[in-house]
Amino acid sequence: MSAVSLKNIRKTYNDGKLVAVEDVSLSVEKGELFGIIGPDGAGKTSLFRILTTLLLPNGGSATVDGYDVIEDYKSIRNCVGYMPGKFSLYQDLTVEENLNFFATLFNTSIEENYDLIKEIYVQIAPFKDRRAGKLSGGMKQKLALCCALIHKPTVLFLDEPTTGVDSVSRKEFWEMLRRLKEQNITILVSTPYMDEAVLCDRIALIQSGKILSIDTPKKITEQYPGKLYSIRSANTHQLLGDLHSYDNTKSCFAFGESLHYTFKSEGPEETRALQNHLTVLRHEEVVINEIVPTIEDCFIHLMSNES
Amino acid sequence: MKTPVIKANKLTKRFGDFFAVNEISFEVYPGEIFGFLGANGAGKTTAMRMLCGLSIPTGGEAQVAGYNVFTDTEKIKKNIGYMSQKFSLYEDLTVLENINFFGGIYGLTDKQIKEKSEKLIAQLGMGSEAKKLVGSLPLGWKQKLAFSVSILHDPKIVFLDEPTGGVDPITRRQFWDLIYDAADNGISVFVTTHYMDEAEYCNRISMMVDGKIMALDSPANLKKQFSVASMDEVFFELARGAKRKAD
Amino acid sequence: MKQFLVFVKKEFYHVFRDRKTLLMLFGLPIVQIMLFGFALTNEVKNSKIVVVDYAKDVSSQKIIHKIESSNNFEVEKALLGYNEIEAAFKEGKIKLALVFPSNFNKDLMHLNKSQVQIIADASDPNTGNTLTNYVTSIIMDYQKELMTNANVPYAISPEIRMMYNPELKGAPNFVPGVMALVLMLICVMMTSVSIVKEKEKGTMEILLVSPFKPFLVIISKAVPYLMISWVNVCIILLLAVFALGMPIKGSIFLLFAESTLLIITALSLGLLISTQTESQQTAMLVSLMGMMLPTMLFAGFMFPIENMPVPLQVVSNAVPAKWYYIIVKSIMVKGLGFSAIWKETLILMGMTMFFLLISFKKFKIRLA
């Protein structure tokens, strides 16, 4: 039995005028770290709210830990942990008071499940008498995670836990998730950061309420059609403009210090032709390499196909 | 060498014994894209507020667009643009109404506003959306529109606070195209971001750790300096030593 | 049960850590009582009165002298006859007229009892009432003096007549009105705001996705405000008794029981508002406009309901504060027991049940 399963889930707002989630089906296995990757407005939060019984879907069915999200919502509320996107703890309560409150709310105590949160809690323990509102972003996330874990949930839903958090704190956060996974907790996490996708066991790429692809990050990148090249030169911005106006260009996007490029028709000939073209245009230090696509490349590719 | 648009010298903001910003010095030149990076709590927001004339420094000196941040804050506000992820445009006004409003508060004439809004709408390809409420637009469009509105009055410099947070990868790149255009037109761009690939798009990067600027150079030189392959690693090297995590 | 207690404790933290709101919660009743008690009542010093003395004897002169020598009154003139009184009132300067019958002293000495008529301008009921009270107490003073001197049970019975507003409706006892107003304000506004705050801050999401029963969220939110309201009732009663010298004639226990009923009515109304609003601002506005205005207008303590047009009188029946005002006045001023107010009590209970029923029906166990 899957830990989470969705069948043709659909969610609309404003009497059907705004479609947030369109016909989404997926299943997450027990103990899996599953990522839902997509930009803001893709429908991630709506999906999470349906699964945490906060919203009723307009169509389709879904189960969490075997319970139906509509019929058995009470059972689901007993067994899942949820961390909403917005920082949702009591700002005027201290770290310890927040944790105590949520522990009691779930009929447990900090001591009972301390093992589970220990590693995370020791990092915020020095600030336990500080009000939650006075914590930094990274610390708030850790506290929120502790609160969501305190009752040893079977499935943990994390809605954009790393949004607005700096990249060091993000790395730390993902390490924590890795370790939680070892405790056999199923984790569903959503994020707009494509680079975080590789840290998941499996991912669903989502855009405008539709699933673009579901698979392991590795398989998704393997499914990238054709070859992807990295092109760099001394003047990246100029290069981008020139490549956009080049005839044989299928796509060209800036990726950090280099450009990711695909040909309409490809081959050693074409690569050499491009190299010459750029030399004629007086680009210096031109380097063209074939590279392995990233999730972001795949996302851009799938997104362009959709529209 | 051109005169810098921002010139900060030992700029400091102190709250009690706490140095939110501790003697930072740097310069930003016309048409430069200046990446302002740092971990949460490093002091970026405070520094940005001082440069925008929203907060008076407690020490050091700085000039923005030629005006002193201690005394000429009102003049600074007229000569800068500002856009943040959190607040950009009024969701319950239409695209045109927003342009008119912001043009108006920056003192543009009706004629200027009309010309500029036509140009802007054509540039963004939003002809059919001009009379729609901003709230009904997709996030990416909103952010692009907000950026264009923030430079409507041709400021010398525009401050962008995490302008691309949560935006889809294609729109994010289109957004950077707009930034490059602005820079080509001589507007300096002062930008903060959590996307490390975007750091690579900047001409120069400053890295703030615990209220101080710990590194300031072009992305290429920074990578060389730390002997790493990506800006992500540069950031990690610098920020993991930060002490001020809880604040 | 433990969950519930922890939740209530959390609510108290919220209340006590928000110093400004806390100050408002306890400052409000004090300010209101002071405002209504002192600032908004007319100064009764040196009020002008007229005297019609048909008796012109020792006793009447002594009483007039006593009245003149008090700070409160100034005898404008002595009128010759009863028929001149109305004209004097119409001039507007005169607040009160005192009429001694022709054989005032004789009756007092021989029959041991006598009468005096006090006519007050009750168009401003508060002042009219205060003045008659003063005059009456001066006359009683004189009566006491006579009694100690002569050891005879003399009795002067003042016959009071209120002109223009004879029944003195909604007049002196603004205290019950203030109680109604304060309780409505605090309970309705604070509960609705505190519940909506959870929605706005996103914490409601976590609470809903927990085994904690949603309706317990509501009940635990109400507990702190119930307690604060009790404290406020005490403050108002203490101020009324000690600062304004207003006695509580009936049972204090009954008064508290009925106050608790109104508090619960108000809490359930606050809950109803919270189920219908999404932002703290809206909740606050709805509570203020929806509660404060009707309570002030229709409770009967500022404007007599009897003088309103019939449609408004009908509307006033829907205002819980109206019924509470009647109850409290009956207990405090008239000293009546439960048998006199059971109807009003029943109406309040009915309203509470109604509000609760709708709230629980409307309360969302999900977000939308």
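A residue is counted as buried if 20 or more other C-beta atoms lie within 10 Å of its own, as exposed if 12 or fewer do, and as partly exposed in between. In the predicted model described here, B:Ala65 has 19 C-beta neighbours inside 10 Å and therefore counts as partly exposed. B:Ala65 lies in the loop between strand S4 (59-64) and strand S5 (67-68) of chain B. Although B:Ala65 is not a glycine, its phi is positive, at about 55°.

A:Asn107, which is not a glycine, has a positive phi of about 65°. The loop that holds A:Asn107 runs between H3 and helix H4 (114-124) of chain A. A:Asn107 counts as partly exposed because it has 14 C-beta neighbours inside 10 Å.

The contacts between chains were examined next. Two pairs of chains are in contact, and of these chains A and B share the most contacts. Chain B contributes 29 residues to the contact between them, and chain A contributes 29 residues. On the side of chain B that touches chain A, at least two residues each are supplied by helix H6 (169-184), helix H7 (196-199) and helix H9 (231-239) of chain B. H6(B) provides the largest share of this side, with five residues. The side of chain B that touches chain A consists, by class, of 15 nonpolar, six polar and eight charged residues.

In the contact of chain A with chain C, 23 residues of chain A meet 20 residues of chain C. Helix H2 (73-79), strand S6 (80-83) and helix H3 (95-105) of chain A are each the source of at least two residues on the side of chain A that touches chain C. The largest share of that side, four residues, belongs to H3(A). Sorted by class, the side of chain A that touches chain C holds 12 nonpolar, six polar and five charged residues. Chain B and chain C are joined by no contact, and their closest C-alpha atoms are 16 Å apart.

Within chain A, the assignment gives domain 1 (4-221) and domain 2 (224-306). The centres of these two domains of chain A, taken over C-alpha atoms, are separated by 37 Å. In the contact between the domains of chain A, 11 residues of domain 1 meet 11 residues of domain 2. Strand S9 (202-207), strand S10 (210-215) and helix H7 (217-222) of chain A are the elements that give two or more residues to the side of domain 1 that touches domain 2. H7(A) accounts for the largest share of this side, three residues. The side of domain 1 of chain A that touches domain 2 of chain A comprises eight nonpolar and three polar residues, with no charged residues.

Chain C is likewise divided into domains, with domain 1 covering 2-39 + 173-362 and domain 2 covering 47-163. Taken over C-alpha atoms, the centres of the two domains of chain C lie 43 Å apart. The secondary structure of chain C comprises 14 helices and five strands. Of the 368 residues in chain C, 39% are buried. Among the contacts in chain C with a separation of 6 or more, 79% are between residues 24 or more positions apart.

Two helices of chain C, H7 (residues 174-201) and H10 (residues 252-276), have axes that come within 7 Å and cross at roughly 35°. The crossing of H7(C) and H10(C) is right-handed. Residues of H7(C) in this contact include C:Met179, C:Leu183, C:Cys187 and C:Ile195, and those of H10(C) include C:Leu262, C:Ala266, C:Gly270 and C:Ile273. By class, the contact of H7(C) with H10(C) involves 16 nonpolar and five polar residues and no charged ones.

Helix H9 (residues 214-243) of chain C has 30 residues. From its first C-alpha to its last, H9(C) reaches 44 Å, close to the 44 Å expected at 1.5 Å a residue. Buried residues of H9(C) include C:Val217, C:Lys221, C:Pro224, C:Tyr225, C:Asn232 and C:Leu237. Just after H9(C), C:Gly245 has a positive phi of about 65°.

Note on methods. Residues numbered from 1 in each chain as written. Chains lettered and ligands numbered in written order. Predicted model: local features only at pLDDT ≥ 70, side-chain atom pairs only at ≥ 80, totals over all residues. Contact = placed C-beta atoms within 7 Å. Nonpolar A, V, L, I, M, F, W, Y, C, P; charged D, E, K, R; others polar. Domains from an automatic or database assignment. Axes fitted to C-alpha atoms, helices over the stretch in contact; angles between N-to-C directions. Left-handed = near helix turned anticlockwise from the far one by under 90°. Expected span 1.5 Å × (residues − 1).
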